[in-house]
Amino acid sequence: MASPESWLLENGNIKVLSKEMRNGRTAHNLSSSSLRKRSDLSLVSRVRVGLLRMFLGNLQEVLLGTKLSVFFLAIPFAIIANYCHFGSTWVFSLSCLGLIPLAERVSFLTEQIAIFTGPTVGGLLNATCGNVTELIIAIFALVHNKVDVVKYSLLGSILSNLLLVLGSSLLCGGIANLSKEQKFERKQANINSLLLLLGLVCHVLPLLFKFAGKSEPEITAAATLALSRASSIIMLVAYLAYLVCQLFTHKQLFQPQEEEDTENEDGDHNVVSEESPVVGLCSALIWIVLMTGVVAVLSEYVVATIEAASGSWSLSVGFISIILLPIVGNAVEHAGAIIFAYRNKLDITLGVALGSATQIAMFVVPLSVIISWIIGVKMDLDFSPLETTALALSIIITAFALQDGSSHYLKGLVLLFCYLVFGASFFVSRAPLHPANLGSDSSRDQEMVRLFNMKI
């Protein structure tokens, strides 16, 4: 008989929990696990010194246990390029490439910790560390007083998850399963859509409030800032309620289908079973601190060189922040979501795309506003008319596409086309950064942006 921890009561019936539910795994974890591979520890096992053998085993599991391990080479090159002054464009590009495997490894390490701590703590770790890259970039941008970069990058992450990740997944999944009817659970999609609409309300009202008080701009700006901070607190409380619903009261609505360790036709393991940990608790804690430190270093490089890369590539900072950065940050989720859509497991795909978008909109964005409030930077929820309109239309279009609980390739194609239209809009829109958002200690960046705007 199942243990008391392995079942829950659903509609009066006992439902046995899957391994993912018992270990606190989410769709985000399953998406990342689709890019993992088993490490061959035969050579490491021959090392006779126990401590050295454990260290080499952990090193191999963490650095080589992913199909994205080749991108780790970009990290030392980014550091060398920064200290040797090879050029801001090289530093920016290499830093973005280095962030790709780090996002997947952080997810892997939080999952390893969750095996030791239990499903509740594991779920909280997944709910707060799922978008740690975006949060760290936002914090460093706030420290440099680049509020526009924060707004652009977080907005781009939401648009990327709702339209690019979900759209390409539904398109590929629909084409691969033309002969099958693709169904998914609407309850989880409805909850995420409802939270996204709440976040949209908190973005629209400061924008309307600013337009309504154009006659007194200084008073209106102060009121808009106060409204944004109050709305951010409400959004964080709503996200806390969302976590309670997800982890305690209605966890059966958010759990993905159980994915066993399967082998494809080529003999390659696509999904690695995580029933037993491959890294110890202390080792996982040390590794996650080190990985977070590396993410912080690369995020610092990205924030410091984004204006220089903008001038070198003749692209606006808005386009780079809204389109390019989120594509890099969501690369792991993107690949995993497509893989599971291809296998006709749309519940996992929706959990990845909608869950990540909800986490950014209801947790990362308001938390950024609160952090800016603490450090004395004025960041509000006014994302300008074009950005707010893009956010509103993306949420509404996604909600309409998912309302019937079924999917086919045309829905994914429409979402992708919407993303291309928004991308084209931000490409032709070259609104300059506000001088106050360039950083108080970057006169060179201010001069560069001024010259770039003159060229336009």
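Which residue forms a salt bridge with E104, and how far apart are the closest N and O atoms? The partner is R105, at 2.7 Å. The points below start from the predicted model as a whole and then return to this pair.

1. Confidence. The model is predicted. The mean pLDDT of the protein chain is 80, with 75% of the residues at 70 or more. Over residues 258-274 the value is below 50, yet the model gives this stretch 50 contacts beyond near neighbours in sequence. Residues 1-24 also stay under 50 in pLDDT, and for them the model has 46 contacts beyond four places in sequence. Where pLDDT is low, the predicted coordinates should not be read in detail.

2. Overall make-up. The protein chain contains 17 helices and 4 strands. It has 456 residues, of which 54% count as buried. Among contacts with a separation of 6 or more, 82% are between residues 24 or more positions apart.

3. Salt bridges. The count comes to 4. Side chains of opposite charge can pair when their charged atoms come close.

4. T66 and E104. E104 has a further partner: its side chain makes a polar contact of 3.2 Å with the side chain of T66. T66 sits in the loop between α3 (50-64) and α4 (74-83). With a relative accessibility of 0%, T66 counts as buried. The T66 side chain also reaches the backbone nitrogen of L68, at 3.1 Å.

5. D380 and K151. These two side chains meet in a salt bridge, 2.8 Å from N to O. D380 is in the loop between α14 and α15 while K151 is in helix α8, so the pair ties together parts that are 229 residues apart in sequence. Both partners fall under the 20% cut-off for buried: D380 has a relative accessibility of 17%, and K151 has 11%.

6. K411 and D404. Another salt bridge joins K411 to D404, with 2.7 Å between the closest N and O atoms. K411 is buried, with a relative accessible area of 14%, whereas D404 is partly exposed, with 40%.

7. D347. This residue belongs to helix α14 (residues 346-375). D347 is buried but has no salt bridge. How far away is the nearest side chain of opposite charge? That side chain is K345, and the distance is 8.8 Å. The cut-off for a salt bridge is 4 Å, applied to a side-chain nitrogen of Lys or Arg and a carboxyl oxygen of Asp or Glu.

8. N344. This residue lies in the loop between α13 (331-342) and α14. N344 is partly exposed, as its relative accessible area is 21%. Leaving aside neighbours within four places in sequence, N344 is in contact with N177, K180, E181 and Q182. With Q182 there is a side-chain polar contact of 3.3 Å. N344 and Q182 are 162 residues apart along the chain, and their C-alpha atoms are separated by 6.5 Å.

9. Helix α12. Which residues of α12 (residues 317-329) are buried? They are V317, G318, F319, I320, S321, I322, I323, L325 and P326. The elements that cover them include α5 (88-117), α8 (147-176), α11 (281-313), α15 (384-401) and α16 (409-428).

10. Backbone angles. H85 is not a glycine but has a positive phi of about 55°. H85 is in the loop between α4 and α5 and is exposed, with a relative accessible area of 70%. S314, also not a glycine, has a positive phi of about 55°. S314 is in the loop between α11 and α12. S314 is partly exposed, with a relative accessible area of 32%.

11. Cysteines. The structure holds 0 disulfides. C96 is buried, with a relative accessible area of 7%. C245 is also buried, with a relative accessible area of 18%.

Technical notes. Residues are numbered from 1 along each chain as its sequence is written. Side-chain values use heavy atoms; hydrogens and water are left out. Helices (H or I, at least four residues) and strands (E, at least two) are DSSP runs, numbered from the N terminus. Buried means under 20% relative accessible area, exposed over 50%, partly exposed in between (1.4 Å probe, protein chains only). A polar contact is a pair of N or O atoms within 3.5 Å; within protein, one must be able to donate a hydrogen and the other to accept it, and residues adjacent in sequence count only if both atoms are side-chain atoms. Lys and Arg count as positive and Asp and Glu as negative; His and the chain ends are not counted. Contact means heavy atoms within 4.5 Å. A disulfide is a pair of cysteine sulfur atoms within 2.5 Å. pLDDT is the predictor's confidence in each residue, from 0 to 100.
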